[in-house]
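Subject: Handover of a structure

Dear colleague,

Please find below the structure that I am passing on to you. My findings follow directly after it.

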Amino acid sequence: MHHQHQPNPISIKKLMESQIQALVTLQDLDLSLVAIAQKKGSLPKQLAHLEGELAHLESQKNSRKEAVTKHEETIKNYQEEKKKAEELVRKYRDEQMSTKDSRDYDKISKDIALQELEMQLSQKNIKATQQMIKEQKEALTKIRAGIREKKEIIKRVKEQLGGIQKEVQEQESQLEAARPQAVEKINPKLYETYEMMRKKLVPPHVVTKIKDNACQGCFHTIPPQQQVTILEGKKMVRCEYCSRILVDVIETIPEEALKKKKKES
């Protein structure tokens, strides 16, 4: 029998530990990149929302101004109608003064009454329209105040966004530069699995630990036998429910701490 090809259990465990460490390092990098994307991503969305609200306020302002202009035109028309009715009343009164026929006098009296009603109606409409103008102008004052406030907020958000983009640019560049080096240390098939899982898992933790006998990704209970296999560290164990890779520690363990851990065990 040839035993030279049998892998050494210690070397298997060491290989597993190094692969887990590499995965955790990569996961830390990726989670940091996700956090940066979220930090950057929320402000542009907020800015777009604010600019949308500003555009809506501007539209409301223009509509109210147009309404005021139309009401002012309406008042002019009512004033014209009132003026015409006043002129007709004067004309009818002159005619009434000069007529000697009682039928004509009565007819002219009715015409005068009708035009006086027209004058009253025009005056009533003028007052009602003036009230509408007052309401529109009050609304305009509030809208203009809202526009000023919104512009101030937009200015602050733009400054904040510019500051964050400047601040995270260097960190993001460093993380992106470190990523390929972390990927190199991982078995290609394992990396492929990691990428596939990362895209569909929420939260996006591919490697997770066990706490209180449960997977910290999906919180399902891990059977004791599986926990023993994880502690042995000779093969990768995945959660039966969420497929996450289960480990006994999540931190990237320094070499000295590993040696100490081995001595303790």
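Aromatic rings come first: the count comes to one aromatic pair, where rings of Phe, Tyr and Trp (its six-membered ring) pair if their centres lie within 6.5 Å. The rings of Tyr191 and Tyr194 have centres 6.4 Å apart and planes at 25 degrees, so this pair is stacked; planes under 30 degrees apart count as stacked, over 60 as edge-to-face and the rest as tilted. In general, a pair of aromatic rings is described by the distance of the centres and the angle of the planes. Both tyrosines belong to helix α3 (residues 188–200), where they sit three residues apart, about one turn of the helix. Tyr191 and Tyr194 are both buried (under 20% relative accessible area; exposed means over 50%, and partly exposed in between, with a 1.4 Å probe and protein chains only).

Please note that this is a predicted model, in which local features need pLDDT of at least 70 and side-chain atom pairs count only at pLDDT 80 or more, while totals for chains, interfaces and linings use all residues. Residues are numbered from 1 along each chain as its sequence is written, and side-chain values use heavy atoms, with hydrogens and water left out.

Confidence

The term pLDDT stands for the predictor's confidence in each residue, from 0 to 100. Its mean for the protein is 87, and 90% of the residues reach 70 or more. Confidence is highest in helix α2 (residues 102–184), with a mean of 94, and lowest in helix α5 (residues 255–264), with a mean of 48. Over residues 1–7 the pLDDT is below 50, and this stretch has one contact in the model beyond near neighbours in sequence; contact means heavy atoms within 4.5 Å. Residues 251–258 also stay under 50, and the model gives them 11 contacts beyond four places in sequence. Where pLDDT is low, the predicted coordinates should not be read in detail.

Overall architecture

The protein has five helices and four strands, in the sequence pattern α-α-α-β-β-α-β-β-α. Helices (H or I, at least four residues) and strands (E, at least two) are DSSP runs, numbered from the N terminus. Of the 265 residues, 31% are buried. Among contacts with a separation of 6 or more, 73% involve residues 24 or more positions apart.

At 6% relative accessibility, Ile154 counts as buried. Leaving aside neighbours within four places in sequence, Ile154 is in contact with Leu47, Leu50, Glu51 and Leu54. Ile154 and Ala48 are 106 residues apart in sequence, yet their C-alpha atoms are 9.3 Å apart in space.

The sheet

The four strands form an open sheet in the order β2-β1-β4-β3, with mixed pairing. β2 (214–215) and β3 (237–238) stand at the edges with a single partner strand each, so one side of each is left without a neighbour in the sheet. Two strands pair if DSSP finds at least two bridges between them.

β1 (residues 207–211) and β4 pair in the parallel sense over three bridges, and Val207 has Ile245 in β4 as its bridge partner. β3 and β4 (residues 245–247) run antiparallel and are joined by two bridges, with Val237 partnered by Leu246. β1 and β2 are antiparallel, again over two bridges, and Lys211 stands opposite Ala214 in β2. These two strands form a hairpin with two residues between them, and Asp212 in the turn has a positive phi of about 55 degrees.

Tyr241 lies in the loop between β3 and β4. Tyr241 is exposed, with a relative accessible area of 51%. Not counting residues up to four places away in sequence, Tyr241 touches Cys218, His220 and Thr221.

Cysteines

How many disulfides does the count come to? The count is zero, where a disulfide is a pair of cysteine sulfur atoms within 2.5 Å. The sulfur of Cys215 is 3.8 Å from the closest cysteine sulfur, in Cys242, which is too far for a bond. Cys215 is buried, at a relative accessible area of 0%. The sulfur of Cys218 has its closest cysteine sulfur in Cys239, at 3.6 Å, also too far for a bond. Cys218 counts as partly exposed, at 23% relative accessibility.

Yours sincerely
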